[in-house]
Amino acid sequence: MPRWDRIRDDFPVTEKYTYLSNAAISPIPKQVLEESLKFYQELSEHGGAFWEVWTEKMEQTRDIYAKFIHAHRDEVGFTHSTSEGMNIIAHMLSSKGSVISNELEFPSSILPWLNRDADMIFVRPKKGKILKEDIANSINQNTKTVVVSHVQYSTGWRQDLADLSELTSERGLYLVVNPTQSLGALYFNVRDFNIDFMASNGHKWILSSFGIGAIYVKKEYLEDLERFKPPFYSQLGQKQREIFDNKKINMSNTASRFELGSPHFSNILSLKSAIEYITKIGIEQIEKRILYLTEHLVEKLREFKVEIISPLEEEKGRSGIIVFKERNAQEIVRKLERRRIMVSARGDGIRVSPHFYNNENDIDKLASELKYLI
Ligand SMILES: Cc1ncc(COP(=O)(O)O)c(C=O)c1O
């Protein structure tokens, strides 16, 4: 059992705030900060002399990331954000047939497809959930792709991806997943879930800050260079990166071909450090801890009878996000902020999203303020 009290000391944010807004922006632990500072120190004192050290660490990060999501290293490419990754995927798939998504998605999942004039169908949520049967009923002869978040940002609904992928593989559809609200918080496995494409970022539960993301592309599509060309191309995506040849493209058949320009090393190294940190604690332990804290929160909220929007009936549909209805959400969030309690106004109410470094006291403190404010 991890020593949660000691782990809390790695998060200086806890000395200043009751921070319960990890679904918006997670604070980074000390270890990640140190790794990022180390890079800038090296750059400041040595210029580019550490290039090879950094590129080697970048490739180690690829290994670590791939292991974390249960992919092959060739299937992982670094991006700057979920939006960048989703734009790449939309570029490759939008012309292949129509796309089913849903009305709960964060814009990063949807806008890249609309921008490509994709033919889209939006499934309506039922009590905060996206039901597999509603996705199934939306499939027609033109459907080629299903785009869905693992966890919905505005309700906390966790999609059963293993179950959904039975449908997508049976019907020959691409399953595109946005796991921004689950990576680093909940078990996630591209093989178990049979995911075809994935795009995510670094500044939420995965604890590695801004300007970093990753794309996952199943190997079989990477081998099909003609059908799945990237939308843009750079020297670094070449098979042999040191070749400066402007006469022909020598495209890499790994997901590194989606990486544009010189790498954002400090962000990649932060990601490495964050995944090492998370892996040391263990994602199963982290998931249990988060579900325990959210259950504690739900019990507290029930004491003063707020309406909880997040679907709670099934354990496997739950996540690190709890949203409850509140008409004056913005105002209450601002009042809480003045008391250094951080939550967000999202969906139709207030979103609370504890991470593993939070504790019962954080939840109790929020609850006692809410009791008074609502
Ligand atoms: C589900 C989801 N996807 C994507 C994003 C944003 O991603 P990015 O800014 O990296 O494109 C958010 C939140 O901000 C989100 O909740």
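In the predicted model, valine 323 stands opposite arginine 351 of strand β12. Strand β12 covers residues 349-352 and is joined to β9 by 4 bridges, the two strands running antiparallel. Both strands belong to an open sheet of 3 strands, arranged in the order β9-β12-β11 with antiparallel pairing. The edges of this sheet are formed by β9, residues 322-325, and β11, residues 344-346, each of which pairs on one side only. From one strand to the next, the twist averages 35 degrees.

The largest nonpolar core comprises 92 residues. Within this core, the residues that touch the most other members are Ile89, Ile215, Tyr216 and Val343. Helix α10, which spans residues 265-281, contributes the largest share of the core, with 8 residues. The core draws on two domains: at least three of its residues come from domain 1 (4-20 + 283-373), and at least three come from domain 2 (33-279).

The model also contains a ligand, and the residues surrounding the ligand include Ser81, Thr82 and Ser83, together with Phe106 and Ser108. Classified by residue type, the shell around the ligand consists of 10 polar and 2 nonpolar residues, and charged residues are absent from the shell.

Conventions: Residues numbered from 1 in each chain as written. Predicted model: local features only at pLDDT ≥ 70, side-chain atom pairs only at ≥ 80, totals over all residues. Near = placed C-beta within 6 Å. Nonpolar A, V, L, I, M, F, W, Y, C, P; charged D, E, K, R; others polar. Pairing = 2+ DSSP bridges. Axes fitted to C-alpha atoms, helices over the stretch in contact; angles between N-to-C directions. Core = buried A, V, L, I, M, F, W, Y, C linked by C-beta atoms within 7 Å. Buried ≥ 20, exposed ≤ 12 C-beta atoms within 10 Å, placed from the backbone. Domains from an automatic or database assignment.
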